Amino acid sequence: MGRGLPVPIPHRNEKTCRPPPTETSPPHTEAASPQAGYSLSKPVFFVSAGIILIAVVFALALPDVFNNFISTLNSTVVESIGWYYVLIVTGFVGFAIVLAVSRMGNIKLGKDDDKPEFGLFSWFAMLFAAGMGIGLVFWGAAEPLTFFADTAGPGIPPNAAGFDDPVRAERALGQTFLHWGLHAWAIYVVVGLAVAYAVHRKGRPVSIRWALEPVLGKRTDTWVGDVIDIIALVGTLFGIATSLGFGVNQIAAGLDHLGVLPNSTGVQVVIILVVTALATLSAASGVDKGIKILSNLNMGLAALLLVAVLVLGPTLFLLRDVVSNIGYYLQNFLQLSFQTMPFLGDEGAGWINGWTTFYWGWWISWSPFVGVFIARISKGRTVREFITGVLLVPTALTFLWFTIMGGTALYEAVFNKVDFTGGTGAIDPNTALFDTFSHLPAGALLSGVAVILVSIFFITSADSGAFVMDMIAHKGDPNPPRITRIFWAATSGVIAASLIWVSSLSGGEGSGMSALQALALLSALPFSVVMIGMAISLWRSLSHEVKVIERLELRIRQREFMERYSEELTDQVSDRVEEKFSDGIGDRVESHLEGEYGQQFQAQLNHQVEAQVSEQVEAQVAEHLSTYTAEHPIVSPEDSAPPETGPTRRGPRNPFRRDQ
């Protein structure tokens with residue numbers, strides 16, 4: 001798994017089923033089973049395959065022309081809507097936080113008695129691998145160094161270029177935190193939570209379209225839903241293929257750094273094919289076996305590498321830096337969230353488009369893959385647990401990772417004056433991590449562990465991506481056929497290997513891969529609209545369910561009130577009525593009780609007492625309820641209306657009144 005390997009695209013002036021539920025349906029239904037009609041969705045599969053085939057043919061036949069056209073188109077889009085990405089992604093952060101702290105957070109993603117399908121450690125491990133993945137390893141040292149020292153292109157943020165080294169280093173890590181922190185994970189929360197609610201709570205298939213059912217209604221299972229799934233599937237495949245293609249550069253660079261194999265096109269192709277073969281085997285084994293085992297292994301290996309660098313590096317400095325960086329991020333959170341640099345002109349716009357806007361588009365393009373996968377493994381969690389686990393825990397681990405890896409590199413650059421650019425003014429992201437390790441004890445061993453970690457992340461990216469794509473292609477089948485899982489895993493690897501090989505032959509190294517990455521980013525624009533629809537759908541569904549819960553709670557409280565006060569009021573009214581009768585007609589009663597009408601009169605008297613007791617009890621209960629029900633109009637009139645007849649009396653204190 002993995003969010004993929006975000007490699008900024010060079011800009012022209014920048015850095016190189018079942019029926020829909022009704023309103024009266026219960027909060028959840030039985031999950032659809034594979035026998036409920038799962039099969040290959042021909043429109044989704046063949047249209048997606050056709051788009052992918054056409055794009056790959058052009059990329060293979062005319063790599064430079066295709067790259068220039070797609071990159072120019074992507075640059076135009078990004079430059080035009082950068083402000084829009086900044087606005088909606090920040091909105092997703094606020095949306096996730098509101099859901100978590102509200103009553104909606106108590107709703108379970110599944111039946112009310114469902115238990116989590118995976119243990120907490122395995123769940124966090126798969127979140128870590130799905131959301132962080134290879135990108136963290138690739139950019140762990142490279143991105144902070146780029147924002148600190150890269151003068152060859154728009155690497156250093158324009159609003160930090162004129163500061164001294166310590167200030168520039170702090171801003172470099174703060175900017176990195178923005179790109180990999182709450183905003184990135186909030187994108188995955190929106191998609192993952194919407195899909196998880198539809199799948200586990202409503203019993204819908206595992207597909208993007210069903211998360212939009214409250215908005216689309218009957219159109220969910222028509223061509224409209226097909227278009228949504230096609231966008232998700234195509235963007236996922238392009239993202240995985242480009243991640244394999246660009247990310248293999250780091251594995252090859254690491255092997256070259258260790259003196260194991262020279263970095264060449266042939267070596268890169270072989271690495272991709274080997275990784276793809278292993279990913280295919282993992283995808284064939286399913287989530288419970290291969291993907292789960294590799295994710296747990298990833299978590300342990302990443303933790304080992306992190307602790308080793310912390311201990312072998314400037315430990316005290318890094319511990320202080322963690323605290324300082326978190327404080328800087330929180331203090332400048334709003335300013336960073338809405339940062340567009342309008343007064344820095346073309347320089348500011350170019351930097352924002354090449355980095356922040358690029359990241360938001362990249363995370364959105366990957367959100368169908370990551371969101372669906374996270375939804376698939378989150379059955380039995382509450383909405384609050386889901387948001388906390390997906391939003392806060394990985395963000396905290398991300399901050400720790402970048403502080404230790406990036407902080408170690410910045411320490412060497414600031415205090416030991418190490419020039420990681422090699423005199424060129426440019427940071428090479430493929431080798432930045434290995435160059436950092438070379439200044440630590442046991443640097444070669446750390447580099448070897450990093451190469452293994454990157455390789456496993458690549459495997460989990462391809463296998464989980466194949467699993468998600470096959471679920472979408474099979475109408476949301478949570479356990480799609482093994483043969484098509486193998487097809488998707490193999491396709492992504494073969495495409496990446498072919499493009500690397502052809503690009504090297506044409507002399508435009510990586511041009512075909514850059515074009516595919518640009519296509520993945522272009523898919524982010526229409527999918528961002530889909531995400532807004534998912535947020536609206538999720539809010540409607542959760543709000544409706546909260547209202548249902550409040551209605552049920554009110555009725556329970558009414559019943560408890562009746563049970564609690566009915567007996568007490570009956571005794572009180574009965575005593576009053578009997579006292580009234582005894583005062584007014586006591587002598588008459590006694591004279592008649594011994595006569596021939598005694599029995600008949602006694603029966604009439606008892607009947608009148610019972611009638612008045614019942615009438616006055618109902619009147620007092622209605623009086624007690626009137627204030628509360630007036631404040632809660634969701635209760636039907638027949639549940640709260642007082643009797644039409646009978647006197648009203650002021651009874652005991654109303655426990656429902658908020659002003660008492």
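Let me begin with Val 65, which is exposed at a relative accessible area of 54%; exposed means over 50%, buried under 20% and partly exposed in between, with a 1.4 Å probe and protein chains only. Val 65 belongs to helix 2, residues 63-101; helices (H or I, at least four residues) are DSSP runs numbered from the N terminus.

This is a predicted model, in which local features need pLDDT of at least 70, side-chain atom pairs count only at pLDDT 80 or more, and totals for chains, interfaces and linings use all residues. Residues are numbered from 1 along each chain as its sequence is written, and side-chain values use heavy atoms, with hydrogens and water left out.

Together with Ile 54, Phe 58 and Leu 62, Val 65 forms a nonpolar surface patch of about 390 Å² accessible area.

I turn now to Ile 500, in helix 19, residues 482-506. Ile 500 is buried, its relative accessible area being 9%. Its contacts (heavy atoms within 4.5 Å) beyond four places in sequence include Gly 245, Thr 265 and Met 513. Val 269 is also touched; the two C-alpha atoms of Ile 500 and Val 269 lie 7.2 Å apart, across 231 residues of sequence.

Finally, confidence. The chain averages a pLDDT of 80, and 79% of residues score at least 70; pLDDT is the predictor's confidence in each residue, from 0 to 100. Over residues 9-36 the pLDDT is below 50. Where pLDDT is low, the predicted coordinates should not be read in detail.

Conventions: Patch = residues over 30% accessible without salt bridge, like charges linked within 9 Å, V, L, I, M, F, W, Y side chains within 5 Å. Areas by Shrake-Rupley, 256 points an atom, 1.4 Å probe, with all protein chains shown as cover. Salt bridge = Lys/Arg side-chain N within 4 Å of Asp/Glu carboxyl O. Helix = DSSP H or I, 4+ residues; strand = E, 2+ residues; numbered from the N terminus.
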